[in-house]
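Here are my notes on the model, for you to read beside the coordinates. Please check each point against your own view of the fold.

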Amino acid sequence: MNHRPAASEPYDEADGHDVVGLLRRRHAQIAALFDQVAAATGIRREQAFHRLVRLIATHETAEEQVVHPYARLVLPGGDAVVDRLLAEERELKILLAEVEAVGPDGPGFEPELRALRAAALAHIDAEERDELGPLGERTNAAERRTLAVAVRAAETFAPTHPHPGLESATLSLLLGPPAALSDRARDLVNRVTGSAG
């Protein structure tokens, strides 16, 4: 594959079929959901929080399975960049699991949510600066479209709850599907019984 954008292919991250634009939109959705959770109460807070947990879990898995391995190949110093991002993602998943265990009605939820939000937004900034921006510059439109399709597919089959320790592409691909199946069964039972978590 040619890893340089062709001169006739303007880089358009707003394109919904471009992986950089797709991931930046996911990042904006995550930030907006943090605001919704913080502003809501009762059942609306619980619903927004569960959407936030699901979005972060599926998003991080898709990045780990698709984007990070590609970044390792095409970015100068890609291994170091991805290793740092994976370490941040592990910490983010640990925080997310802790906040999920407390629950939106639990004691200490708000300070834990603020800590999670700060970690998530710092990670998003690092990812956009160190991985997505350079990927946009070093890939062509066809590569970015292909990556966007792969990210959407990975999100569809990703776990819906955090699983710290599955950050590598290999572990995510091997252990992610059983975790996803378990998570989706848990989500279904919770919807049917009306219970949280």
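Predicted model: local features only at pLDDT ≥ 70, side-chain atom pairs only at ≥ 80, totals over all residues.

1. The protein has six helices and zero strands. Along the sequence the pattern reads α-α-α-α-α-α.

2. The protein has 197 residues, and 45% of them are buried. Consider contacts between residues at least 6 apart in sequence: 74% of these join residues at least 24 apart.

3. **Helix α1, geometry.** Helix α1 covers residues 19–39, which is 21 residues. From first C-alpha to last, α1 reaches 30 Å. At 1.5 Å a residue, the expected span is 30 Å, and α1 comes close to that. The N-terminal end of α1 is capped by aspartate 18. One side-chain oxygen of aspartate 18 sits 2.8 Å from the backbone nitrogen of valine 20.

4. **Helix α1, buried face.** Which residues of α1 are buried? The list runs Val19, Val20, Gly21, Leu22, Leu23, Arg26, His27, Ile30, Leu33, Phe34 and Val37. Note that Arg26 and His27 are in that list, along with Leu33 and Phe34. The cover over these buried residues includes α2 (42–74), α4 (109–138) and α5 (141–156).

5. **Arginine 26 and its partner.** Arginine 26 is one of the buried residues of α1. Its side chain makes a polar contact with the side chain of glutamate 155, at 2.9 Å. Glutamate 155 lies in helix α5. Is glutamate 155 buried or exposed? Its relative accessibility is 12%, so glutamate 155 counts as buried; the cut-off is under 20%.

6. **α1 against α2.** The axes of α1 and α2 come within 9 Å and cross at roughly 155°. That angle makes α1 roughly antiparallel to α2. The crossing is left-handed. On the α1 side, the contact is made by Val19, Leu23, Arg26, His27, Gln29, Ile30, Leu33, Phe34, Gln36, Val37 and Ala38. On the α2 side, the residues are Arg45, Ala48, Phe49, Arg51, Leu52, Leu55, Ile56, His59, Glu63 and Val67.

7. **Glutamine 47.** Glutamine 47 has its place in helix α2. With 42% relative accessibility, glutamine 47 counts as partly exposed. Valine 37 is 10 residues away in sequence, and the two C-alpha atoms are 8.4 Å apart. Valine 37 itself is buried in α1.

8. **α2 against α4.** Here the axes come within 12 Å and cross at roughly 30°. Why do α2 and α4 count as roughly parallel? Angles under 35 degrees count as roughly parallel, and the crossing at roughly 30° therefore qualifies. α2 passes α4 in a left-handed crossing. From α2, the residues in contact include Arg45, Phe49, His59, Glu60, Glu63 and His68. From α4, they include Phe109, Glu110, His123, Glu127, Glu131 and Arg138.

9. **Histidine 68.** Histidine 68 is found in helix α2. Its relative accessible area is 2%, and histidine 68 is buried. Set aside neighbours within four places in sequence. Histidine 68 then contacts Glu63, Val82, Leu85, Leu86, Glu89, Glu127 and Glu131. In that set, Glu127 and Glu131 belong to α4, while Val82, Leu85 and Glu89 belong to α3.

10. **α3 against α4.** Helix α3 spans residues 78–102. α3 and α4 pack at an angle of about 160°, with axes 10 Å apart. That makes α3 roughly antiparallel to α4. The crossing is left-handed. Contacts from α3 include Val81, Val82, Leu85, Glu88, Glu89, Leu92 and Val102. They meet α4 residues including Phe109, Leu116, Ala119, Ala120, His123, Glu127 and Glu131.

11. **Aspartate 35.** Aspartate 35 is found in helix α1. At 43% relative accessibility, aspartate 35 counts as partly exposed.

Definitions and conventions: Residues numbered from 1 in each chain as written. Heavy atoms only, no water. Helix = DSSP H or I, 4+ residues; strand = E, 2+ residues; numbered from the N terminus. Expected span 1.5 Å × (residues − 1). Buried < 20%, exposed > 50% of the residue type's maximum accessible area, 1.4 Å probe, protein only. Contact = heavy atoms within 4.5 Å. Polar contact = N/O pair within 3.5 Å; in protein donor to acceptor, adjacent residues only side chain to side chain. Axes fitted to C-alpha atoms, helices over the stretch in contact; angles between N-to-C directions. Parallel < 35°, antiparallel > 145°, perpendicular 65-115°, else oblique. Left-handed = near helix turned anticlockwise from the far one by under 90°.
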